[in-house]
Amino acid sequence: MLEKLFPNVILDDFIQATNETLYMTAISVVATFVLGILLGLLLFLTSKGQLWQNKPLYAIVSAVVNIFRSIPFIILIVLLIPFTKALVGSILGANAALPALIVGAAPFYARLVEIGLREIDKGVIEAAKSMGATTSTIIFKVLLPESLPALISGLTVTTIALVGYTAMAGVIGAGGLGNLAYLEGFQRSHNDVTLAATILILIIVFIIQLIGDAITAKIDKR
């Protein structure tokens with residue numbers, strides 16, 4: 001039955017493409033999480049009325065985040081080709097997609113982190129300050145724990161966006177399901193290959209959303 005519906009689908013090719021998509025997504029999510037948290041904390045702490053209030057620094061970081069967050073991903077890949085080639089040594093393959101994936105997603109997640117931190121009750125932060133808590137204590141004992149549900153929810157959204165980014169990166173040779181759908185599906189007019197790749201991407205997205213929602217629900221004490 002499946003062979004009739006998907007006559008041009010080669011299982012081994014789909015297994016390899018799925019593994020490449022999962023690899024690109026996993027590595028970029030880890031890097032995006034770390035960079036996004038750092039940038040988000042910097043944006044929050046240097047904003048008006050916060051611990052490191054610094055208007056010029058906030059303006060610079062905010063501008064950088066807005067610029068990279070606004071560039072369409074397919075254009076960002078092209079812009080980063082010289083950087084990617086210098087860093088990875090190639091512009092083809094899963095590893096070559098990682099710089100663009102991280103640079104494209106980290107600013108997006110940083111804004112979500114900043115929004116999550118702004119939702120924290122100011123009274124909680126003031127109470128910690130009044131008890132003589134250091135900045136590092138406030139960050140690790142107040143800010144991050146209190147905003148954790150929002151951080152996980154934001155990471156879920158970002159991870160799903162990254163899955164879409166990997167598909168776009170595949171069009172210019174990064175590998176993964178997007179590459180398979182484009183080369184074997186679109187260019188050879190094998191619509192069944194394109195459909196199968198789309199279904200797999202949707203399954204990956206649904207699983208990510210379910211996991212993210214479950215974790216958020218578990219840690220959200222509100």
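View 1. In an unreviewed entry, UniProt lists residues 18–212 as "domain: ABC transmembrane type-1"; UniProt positions are given in the numbering used here, feature names are shortened, and annotations may be inferred rather than shown by experiment. The structure is a predicted model, in which local features need pLDDT of at least 70 and side-chain atom pairs count only at pLDDT 80 or more, while totals for chains, interfaces and linings use all residues. Residues are numbered from 1 along each chain as its sequence is written, and side-chain values use heavy atoms, with hydrogens and water left out. The secondary structure of the chain comes to ten helices and zero strands, where helices (H or I, at least four residues) and strands (E, at least two) are DSSP runs numbered from the N terminus. Over residues 18–212 the chain is 84% helix and 0% strand, and the end C-alpha atoms of this span are 20 Å apart. Taken along the principal axes, the C-alpha atoms of the chain fill a box of roughly 70 × 40 × 25 Å. Of the 222 residues, 41% count as buried; buried means under 20% relative accessible area, exposed means over 50%, and partly exposed lies in between (1.4 Å probe, protein chains only).

View 2. For "transmembrane region", the unreviewed UniProt entry lists residues 22–45, 57–81, 87–110, 150–173 and 193–212. Residues 57–81 are 88% helix and 0% strand, and the C-alpha atoms at the ends of the span lie 29 Å apart. For residues 87–110 the chain is 79% helix and 0% strand, with 23 Å between the end C-alpha atoms.

**View 3. The salt bridges around Arg118.** A search of the whole structure finds four salt bridges, each defined as a side-chain nitrogen of Lys or Arg within 4 Å of a carboxyl oxygen of Asp or Glu. Arg118, which has its place in helix H6 (residues 94–118), forms a salt bridge with Glu114, and the closest N and O atoms of the pair are 2.9 Å apart. Both residues lie in helix H6, four residues apart, which is about one turn of the helix. Arg118 counts as partly exposed because its relative accessibility is 41%, whereas Glu114 is buried because its relative accessible area is 5%. Arg111, Glu114 and Arg118 are linked in a network of salt bridges. Arg118 and Ile60 are 58 residues apart in sequence and 19 Å apart in space, C-alpha to C-alpha.

View 4. The side chains of Glu126 and Lys129 meet in a salt bridge at 3.6 Å, N to O. Both residues lie in helix H7 (residues 122–130), three residues apart, about one turn of the helix. Glu126 counts as partly exposed at 43% relative accessibility, and Lys129 counts as partly exposed at 34%.

View 5. The side chains of Arg188 and Glu184 meet in a salt bridge at 3.3 Å, N to O. Arg188 is exposed, with a relative accessible area of 52%, while Glu184 counts as partly exposed at 25% relative accessibility. Ser189 lies in the loop between H9 and H10, and it has a positive phi of about 60° although it is not a glycine. Because its relative accessibility is 57%, Ser189 counts as exposed.

**View 6. A nonpolar patch on the surface.** Ile74, Ile75, Leu79, Met168, Val171 and Ile172 form a nonpolar patch on the surface, with about 470 Å² of accessible area together. The elements that give two or more residues to this patch are helix H4 (73–79) and helix H8 (135–171), and H4 gives the most, with three residues. Patches are made of residues with over 30% relative accessible area and no salt bridge, with like charges joined within 9 Å and nonpolar side chains (Val, Leu, Ile, Met, Phe, Trp, Tyr) within 5 Å; accessible areas come from the Shrake-Rupley method with a 1.4 Å probe, and for residues only the protein chains shown count as cover. Ile172 has its place in the loop between H8 and helix H9 (176–186), and Ile172 counts as partly exposed at 37% relative accessibility.
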